[in-house]
Amino acid sequence: MKDIIFFVKNHIFLVFIWFFFMFLTIYSITRVFFLKFKIINNTEAIELINKKKAIIIDTRSLDLFTQGHIVHSINFLLEHILLNKIETLKIYKYCPIILVISESNKYDECVSVFLKNGFSRIYVLKNGIDFWNLDNLPLVTKDK
């Protein structure tokens with residue numbers, strides 16, 4: 001016990017850093033359990049699409065959407081979602097919803113709009129369409 005106290009007194013900065021990273025690790029691990037949505041990978045998304053008839057909502061701009069999007073996805077701008085203009089999507093309220101969001105800092109805001117409007121099964125595609133494309137999964141493109 002004396003050794004621990006001696007170490008803490010002489011290395012207060014190291015102890016502070018250790019507790020900071022321990023807290024950060026615990027927060028990161030427990031945060032997943034309290035999320036109202038789930039971040040899914042490409043395999044989980046394909047399973048949801050094929051088995052549960054999930055609806056894919058692509059929140060990217062129309063230009064990016066026409067360059068390549070997942071089959072049967074619906075283009076709905078992120079700005080409209082953040083302004084709570086999702087009346088046309090309410091017909092999908094009881095379906096699993098997979099959101100393709102290119103701005104990772106907007107996940108929480110976007111999901112909270114869907115939750116406020118009664119959607120309960122919300123999923124976010126991890127790393128958006130970029131990793132979908134890197135895995136060589138099919139994209140619908142508009143031929144020029």
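## Close-up views of a predicted model

**View 1. Asparagine 136, out on the surface.** With a relative accessible area of 70%, asparagine 136 is exposed (buried means under 20% relative accessible area, exposed over 50%, and partly exposed in between, using a 1.4 Å probe and protein chains only). Keep in mind that this is a predicted model, where local features need pLDDT of at least 70, side-chain atom pairs count only at pLDDT 80 or more, and totals for chains, interfaces and linings use all residues. Residues are numbered from 1 along each chain as its sequence is written, and side-chain values use heavy atoms, with hydrogens and water left out. Asparagine 136 sits in the segment after α7 (128-134) (helices are DSSP runs of H or I with at least four residues, strands are runs of E with at least two, and both are numbered from the N terminus). The phi of asparagine 136 is near 60°, a positive value in a residue other than glycine. Most residues other than glycine have a negative phi.

**View 2. Asparagine 84, in a loop.** Here's another positive phi in a residue other than glycine: for asparagine 84 the angle is near 65°. Look for asparagine 84 in the loop between α5 (78-82) and β4 (97-100). Is asparagine 84 buried or partly exposed? Asparagine 84 counts as partly exposed because its relative accessible area is 39%.

View 3. Aspartate 58 belongs to strand β2 (residues 55-58). Side chains of opposite charge can pair when their charged atoms come close. Arginine 60 and aspartate 58 form a salt bridge, with the closest N and O atoms 2.8 Å apart (a salt bridge is a side-chain nitrogen of Lys or Arg within 4 Å of a carboxyl oxygen of Asp or Glu). The two side chains also count as joined by a polar contact of 2.8 Å (a pair of N or O atoms within 3.5 Å; within protein, one must be able to donate a hydrogen and the other to accept it, and residues adjacent in sequence count only if both atoms are side-chain atoms). Leave out residues up to four places away in sequence, and aspartate 58 still touches Phe65, His69, Ser73, Ile74, Asn75, Phe76 and Val100 (contact means heavy atoms within 4.5 Å).

View 4. Serine 73 is in the loop between α4 (62-67) and β3 (74-75). At 11% relative accessibility, serine 73 is counted as buried. Where does the side chain of serine 73 reach? It goes to the backbone oxygen of isoleucine 70, at 2.7 Å. Beyond its neighbours within four places in sequence, serine 73 is in contact with Ile56, Asp58 and Phe65.

View 5. How many salt bridges does the structure hold? There are two, and one of them links glutamate 44 with lysine 38, whose closest N and O atoms are 3.5 Å apart. Glutamate 44 is partly exposed, at a relative accessible area of 29%, and lysine 38 is partly exposed too, at 43%.

View 6. Setting aside neighbours within four places in sequence, isoleucine 39 is in contact with Glu44, Tyr107, Val124 and Lys126. Valine 8 is another story: 31 residues apart in sequence from isoleucine 39, and 39 Å apart in space, C-alpha to C-alpha.

**View 7. Serine 112, in helix α6.** Serine 112 lies in helix α6 (residues 107-116) and is partly exposed, at 28% relative accessibility. A polar atom of the serine 112 side chain lies 2.8 Å from the backbone oxygen of glutamate 109. Between the C-alpha atoms of serine 112 and isoleucine 122, ten residues apart along the chain, the separation is 9.8 Å.

**View 8. Phenylalanine 21, in helix α2.** Phenylalanine 21 lies in helix α2 (residues 12-34) and is partly exposed, with a relative accessible area of 47%.
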